[in-house]
Amino acid sequence: MNTLLRLILVFGSLSALSIGGGNTVLPQMHLDAVRNYHWITDRQFADLFAISQAAPGPSILIVTLIGYAAAGWGGALVATIAMIVPAGALVYFAARFWNSAKEAAWRHAVEKGFAPLTVGLVLASGVIVAKSADHGYRQWALTAVATVIFTCTKTNPLIVVGVAGVLGWLGWV
């Protein structure tokens, strides 16, 4: 199958499933991009994720970078459009329907169900990225320390990112 068509199928379907944001589909994105279609390696996936998170703009820029790695500029454009259009259309129609059901009891039940679902999907995404990026005990330790800092303190994430970057630059991780 043509790579551009495969990009449309992969990211179009991921777009429709991205409840809670694009990062919730990272495990499936990793599986497709790295294992199923070999567009990038594990390490490249982790690097592209880091670049997409550090860059200004939507966090789903990783899709553009994977598309570029798979098929150049055309792949970047096709993957980005495939990821944005279905989710945008779905949100538009869901918001109209959701707004018309303000007082429905089922709406509150669905909202309560989506919150833990989204947390689980984001947690799974974090594990996938850590497994792709961390290959030694020092990297796993740094990931664990950063996770504890992020979840237990109010430390500015830029400080943690800066310290981790310096440790990496010095070759300590």
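Arg107 and Glu111 both belong to helix H5, where they stand four residues apart, about one turn of the helix. In this predicted model, Arg107 forms a salt bridge with Glu111, and the closest N and O atoms of the pair are 3.2 Å apart. The two partners can be described by their accessibility: Arg107 counts as buried, at 15% relative accessibility, whereas Glu111 is partly exposed, with a relative accessible area of 35%. An α-helix has 3.6 residues a turn, so residues three or four places apart point the same way.

The structure holds three salt bridges. Another of them joins the side chains of Asp47 and Arg43, with an N to O distance of 3.6 Å. These residues are four apart in helix H3 and are therefore separated by about one helical turn. Asp47 counts as partly exposed at 37% relative accessibility, and Arg43 likewise counts as partly exposed, at 39%. A further salt bridge brings together the side chains of Asp42 and Arg35, at 3.4 Å from N to O. Asp42 is partly exposed, with a relative accessible area of 22%, and Arg35 counts as partly exposed at 47% relative accessibility. In general, side chains of opposite charge can pair when their charged atoms come close. Over the protein as a whole there are 10 positive and 6 negative side chains, and the centres of these two sets lie 3 Å apart.

The overall architecture is helical: the protein has seven helices and zero strands, and the order of elements from the N terminus on is α-α-α-α-α-α-α. Taken along the principal axes, the C-alpha atoms fill a box of roughly 55 × 45 × 25 Å. Of the 173 residues of the protein, 27% count as buried, while the protein exposes about 10,600 Å², of which carbon and sulfur atoms supply 71%. Among contacts between residues at least 6 apart in sequence, 57% join residues at least 24 apart.

The largest nonpolar core comprises 23 residues, of which Phe11, Met29, Phe45, Ile62, Val63 and Ile66 touch the most other members. The elements that give two or more residues to this core are helix H1 (3–17), helix H2 (26–36), helix H3 (42–54), helix H4 (61–100) and helix H5 (105–133). Helix H4 gives the most to this core, with six residues. When residues up to four places away in sequence are not counted, Ile66 touches Phe11, Met29, Ala33, Trp39, Ile40, Phe45 and Leu48.

Just after H2, the backbone at His38 takes a positive phi of about 55°.

Technical notes. Residues are numbered from 1 along each chain as its sequence is written. This is a predicted model: local features need pLDDT of at least 70, side-chain atom pairs count only at pLDDT 80 or more; totals for chains, interfaces and linings use all residues. Side-chain values use heavy atoms; hydrogens and water are left out. A nonpolar core is a set of buried Ala, Val, Leu, Ile, Met, Phe, Trp, Tyr and Cys residues joined through side-chain atoms within 4.5 Å. Buried means under 20% relative accessible area, exposed over 50%, partly exposed in between (1.4 Å probe, protein chains only). Contact means heavy atoms within 4.5 Å. Accessible areas come from the Shrake-Rupley method with a 1.4 Å probe; for residues, only the protein chains shown count as cover. Lys and Arg count as positive and Asp and Glu as negative; His and the chain ends are not counted. The place of a charge is taken as NZ of Lys, CZ of Arg, CG of Asp or CD of Glu. A salt bridge is a side-chain nitrogen of Lys or Arg within 4 Å of a carboxyl oxygen of Asp or Glu.
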